[in-house]
Amino acid sequence: MKVIDFARRCAGISLVALKWSHDTLSTAPVDVDQGENPDTVRRFLAEMRERLNHIEEKLNG
């Protein structure tokens, strides 16, 4: 994997995580001390895992 490809994929993951954070905090009103919906966390983890698995597949050919 080329440096630029890795950097692009890292940036993409970062942007997706930023969007999740923004969407979570922009739903008004937000009590930041309340528990997050477990299904929301599972969807986030699944999306991140899919992106990380894609990087691993590219790395391993």
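Lys19 counts as exposed because its relative accessibility is 51%, where exposed means over 50% relative accessible area, buried under 20% and partly exposed in between (1.4 Å probe, protein chains only). This is a predicted model, in which local features need pLDDT of at least 70, side-chain atom pairs count only at pLDDT 80 or more, and totals for chains, interfaces and linings use all residues. Residues are numbered from 1 along each chain as its sequence is written, and side-chain values use heavy atoms, leaving out hydrogens and water.

So who does Lys19 pair up with? Its salt-bridge partner is Asp23, with the closest N and O atoms 2.8 Å apart; a salt bridge here is a side-chain nitrogen of Lys or Arg within 4 Å of a carboxyl oxygen of Asp or Glu. Asp23 is partly exposed, at 33%. Both residues sit in helix H1 (residues 3-25), four residues apart, or about one turn of the helix. Helices are DSSP runs of H or I with at least four residues, numbered from the N terminus.

## Two pairs in helix H2

Over in helix H2 (residues 38-60), Arg42 and Asp39 are three residues apart, about one turn of the helix. They form a salt bridge, and their closest N and O atoms are 3.0 Å apart. Arg42 is exposed at 52%, while Asp39 is partly exposed at 44%.

Helix H2 also holds Glu47 and Arg51, four residues apart. Their salt bridge has its closest N and O atoms 3.4 Å apart. Glu47 is partly exposed at 26%, and Arg51 is partly exposed at 33%.

Searching the whole structure turns up three salt bridges.
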